[in-house]
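Reader: I would like to go through this model with you step by step. Could you begin by showing it?

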Amino acid sequence: MSVLFFHTMRYKQSDPENPDNDRFVLSKRLSFVDVISGWLEQGLGAACGMAYTGKYFDKASYRVFCLMGDGESSEGSVWEALAFASHYHLDNLVAIFDVNRLGPSSALPLEHCTAIYQKRCEAFGWNTYVVDGHDVEALCQAFWQASQVKNKPTAVVAKTFKGRGIPNVEGAEKWHGKPMPKERADAIIKLIESQIETSKDLVPKPPIEDSPQINITDIKLTTPPAYKVGDKVATRKAYGLALAKLGHANKRVIALDGDTKNSTFSEMFQKEHPERFIECFIAEQNMVSVALGCATRGRTIAFASTFAAFLTRAFDQIRVGAVSQTNVNLAGSHCGVSVGEDGPSQMALEDLAMFRVIPSCTIFYPSDAVSTEHAVYLAANTQGMCFIRTTRPETAVIYAPEERFEVGQAKLVRHSASDKVTVIGAGVTLHEALEAADELSKEGISIRVIDLFTLKPLDAATIISSAKVTGGHVITVEDHYREGGIGEAISAAVAMEPDILVHQLAVSGVPQSGPPSDLLDMFGISARHIIETVRRIVNKPVELIS
């Protein structure tokens, strides 16, 4: 680190966020560290995103350095990142493997076999140097050589010893995470100071100031959505169309996908903005890390998409992205049993629970094409992490093009003074609720239908006021498991309100393959089940309803 910070890297000490500074990624938070990589292994993917941004979007001179431990190289996401960097010729990226032989609890499988690390990195297409990690001149030489390499990322495999030079500590096990006893600390500090051979101030070289000036704020919907009420459009397709449109509104909008672009419809963005589309292939953990890296220092507005079920693989990356306070947008398609014939492996039924626990994450759950387009634009302007949940089947457009949407504001889609029950849905279940409302109206029963639009933040005020108007009767219906979903969120929101009872309709049990309409009915979230629940509520006193 001393060689990097005081010899190799170019940056302004007084301005750590300067866009022209070289980047440094480590597993601990420092002033020049852009992403907190948590329990190791995630830093290289984020570094790939920074390097990709520098090479292809900024076209700037800054370089990216990622220091990793040898223990984290056991993680598969490290090798996803190694493959990504090689495929995209990230010659502005240097990964340093600190091969000190020891993990947190024991020696590592390869111990000090640096030749194996070298062969593995070279097999992944990296220019690789093996050095003595305690030899300052050798490190200076390796980092200089790396700067001369074109079209390949560079790995520096540095053989080191933990506690170098400290008697009875160097290379010994069982010291991980343990403080040095106070009685030994003064002597060790004096020993280290005696080895310093210069007294001059070490000043880093200034950066080359060639990053473009950019603006990623206040992106507006320049024209209304081009849909008519009654059109049948899948929200996943509306997402792709909206993203392509957003790309014309701001040149720093980028899209990433995990080889599902023909299903998430991010291919529409790729078609119109191929230079700003990043194919990450089937490596979702790395895709999220790359998106986080691209978004650091406010250099891009990043949207990463895949099937929502596959984002569960990247939960640790998502969680750490929130800890790093990164602005990144994730879109998950193919949600719930409405996926249909593709089967349960493709059905996201846990994703809302996963994103609800992420601090400062905004969750959009649009129900038609118009609201989906607004969700994309709002996400682009929202601080923090955003998740947009889209669905596979086509649904009717229910909003006029001029309808306005805001984060945290639900929509009263159907309401009257005689409403008996409030029914809350989102996505496909909103349309089931509207179908139920039409059928119930034939029986003289009016129900209020609410479209959440955003699950987080939740529009508690609209929900509570509607519940009070409808005698405290609320039904939630969701294409998601009960645990952590819409019903639990609304139950928590009304918990302190007397006389409001929430009836939750949600998927229970492991689903199966089949036609979407059959599965909605089989798992209790169809219009038929809403109608039956409303009838029970209307025909029984509130205290008798379970």
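This is a predicted model: local features need pLDDT of at least 70, side-chain atom pairs count only at pLDDT 80 or more; totals for chains, interfaces and linings use all residues.

Reader: What percentage of the residues count as buried?

Author: Of the 546 residues of the protein, 56% are buried.

Reader: And how many helices and strands are there?

Author: The protein has 18 helices and 19 strands. These are DSSP runs numbered from the N terminus, with helices (H or I) of at least four residues and strands (E) of at least two. The C-alpha trace spans about 90 × 50 × 40 Å along its principal axes.

Reader: What share of the contacts join residues at least 24 apart?

Author: The share is 76%, among contacts between residues at least 6 apart in sequence. Contact here means heavy atoms within 4.5 Å.

Reader: Let us turn to the open sheet. What is its strand order?

Author: The order of its 5 strands is S1-S2-S3-S5-S4, with parallel pairing. Strand S1 (23–25) and strand S4 (127–132) are the edge strands, each pairing on one side only. Two strands count as paired if DSSP finds at least two bridges between them. On average, neighbouring strands of this sheet are turned by 20° against each other, direction ignored.

Reader: How many bridges join S4 to S5?

Author: There are 6 bridges between S4 and strand S5 (residues 154–159), and the two strands run parallel. Within this part of the sheet, Thr128 stands opposite Ala155 in S5.

Reader: Which helices lie across these strands?

Author: Helix H2 (residues 43–57) lies across S1, strand S2 (64–69) and strand S3 (93–99), at about 175° to S2. Helix H5 (residues 136–148) lies across S3, S4 and S5, at about 170° to S4. The axes are lines fitted to C-alpha atoms, for helices over the stretch in contact, and the angles run from 0 to 180 degrees between N-to-C directions.

Reader: Next topic: S10. Is that strand enclosed or open, and why?

Author: Strand S10 (residues 329–333) is largely enclosed by the rest of the structure, because 5 of its 5 residues are buried. Asn329, Ala331 and Ser333 lie on one side, with Leu330 and Gly332 on the other, so both faces are covered by the criterion that under 20% is buried.

Reader: What kind of unit do S9, H11 and S10 make?

Author: They make a right-handed β-α-β unit, with helix H11 covering residues 315–323. Right-handed means that, with the strands pointing away from the viewer, the path from the first strand over the helix to the second runs clockwise.

Reader: Against what do the buried residues of H11 pack?

Author: They pack against helix H3 (76–87), helix H10 (284–295), S10 and helix H12 (351–356). The buried residues in question are Gln317, Ile318, Val320, Gly321 and Ala322. Just after H11, Gln325 takes a positive phi of about 60°.

Reader: Now H13. Is His374 buried or exposed there?

Author: His374 is buried, with a relative accessible area of 12%. Its place is in helix H13, of which 12 of the 12 residues are buried, so the helix is largely enclosed by the rest of the structure. Not counting residues up to four places away in sequence, His374 touches Leu221, Pro225, Pro401, Glu403 and Phe405.

How values were computed:
Residues are numbered from 1 along each chain as its sequence is written. Side-chain values use heavy atoms; hydrogens and water are left out. Buried means under 20% relative accessible area, exposed over 50%, partly exposed in between (1.4 Å probe, protein chains only).
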